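The sequence and structure come first.

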Amino acid sequence: MIHRLDRIQQRHRSLGFVIAVIYKYLDDQGGYLAALIAYYAFLSLFPLLLLLTTVTGVVLAGHPALQADVLNSALHQFPVIGDQLGHPKRLSGGMGGVIVGVIGALYGASGVGQASQNAMDTVWAIPRNNRPDPLRSRLRSFGLIVVLGAVLLATTAITAVVAHANRFGVAATVGAAILTIAIDTGVFAIGFRVGTARELTFRQVLPGAALMALIWQILQNFGSVYVAHVVKSASNTNSVFAVVLGLLGFLYISAIAVVLCAEINVVADAKLHPRALLTPFTDNVTLTGADRRTYSGQAKAQRAKGFEDIDVDFHQPGHKVDDEPS
């Protein structure tokens, strides 16, 4: 039965591709990569909100309605936060808020950049000696910060447009939603390229970027439902835990989606499919060419110096090899 299922998934391109993406995610320990991204994102989010509310309070002093629109549009990107942080007076700190916000935001955002680079380089099996050194990686992290800032600004502006488009009927709403996904696709594509220590084309990262843009919209809608049914119905004390745990879950799921979408790009570009069905579970398996290319790439990614040579061979007694090892 297992061998029959294996033959079926290897013959059907779509099924084999999905399984290969999942196996690649497991091979790269994608859950741990996503957890590190989510941790730094959580660490930087509240200082960023503190900074945002303080700056808008100064720049838009005397325009409370416009200030509220800006904050609500930004917070809409993280609906799990709920209403309690949507009011400027509840999260502000004057000059102290600016200082704390800048320091915390830079540290956390830099960590997000570092964790994202590590994830992208791991996914693409970039050898360690080809990855940026500690100084250049920090500079690249700030490039990612700029991309993330562009995401927030673009989606904040589009959110305001969508809110007004609802007044003009279904066609305007659908058009605004399509525009949002298109902009998010471009921004995620740039993020995938900037975060990888390898020259990638937009064509190589477009599938994952488009899917990530769609997932991001779905997650935002899910966050709104979570706030409406969980946070608002909880007591004051429980709502704090609901917001914190919900936000952690929101960021972690988002990070998982980012890593999985990057895996989709890699599997499609390097043709790392189909995989043997039992390869994650046992050595008693006939590896496919995609299996050997994947494992060879993982081994060569550990190369620490340019003059270090890593050769990978596969010897499986009793198993037929379907093509030459990588």
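The points below cover the salt bridges and then the pocket lining.

This is a predicted model, in which local features need pLDDT of at least 70, side-chain atom pairs count only at pLDDT 80 or more, and totals for chains, interfaces and linings use all residues. Residues are numbered from 1 along each chain as its sequence is written, and side-chain values use heavy atoms, with hydrogens and water left out.

**Salt bridges**
- The structure holds six salt bridges (a side-chain nitrogen of Lys or Arg within 4 Å of a carboxyl oxygen of Asp or Glu).
- Arg275 pairs with Asp27 at 2.9 Å between the closest N and O atoms; Asp27 lies in helix 2 and Arg275 in the loop between helix 9 and helix 10, so the contact ties together parts 248 residues apart in sequence.
- Arg275 also meets Asp291 in a salt bridge, 2.3 Å from N to O.
- Arg275 is buried at 0% relative accessible area, Asp291 is buried at 0%, and Asp27 is partly exposed at 23% (buried is under 20%, exposed over 50%, partly exposed in between, with a 1.4 Å probe and protein chains only).
- Lys24, Asp28 and Glu263 are linked in a network of salt bridges.

**Second largest pocket**
- The second largest pocket holds about 520 Å³ of space, a volume being the space filled by probe spheres set on grid points joined across faces, edges and corners.
- A pocket is an open set of points on a 1 Å grid over the protein atoms alone, where a 1.4 Å probe fits, with protein on both sides within 12 Å along at least five of seven lines; lining residues have an atom within 4 Å of a point.
- Its lining has 29 residues, with Thr122, Ala125, Gly297, Gln298 and Ala301 nearest the centre.
- Helix 10 gives the most to this lining, with six residues (helices are DSSP runs of H or I, at least four residues, numbered from the N terminus).

Notes. Helices (H or I, at least four residues) and strands (E, at least two) are DSSP runs, numbered from the N terminus.
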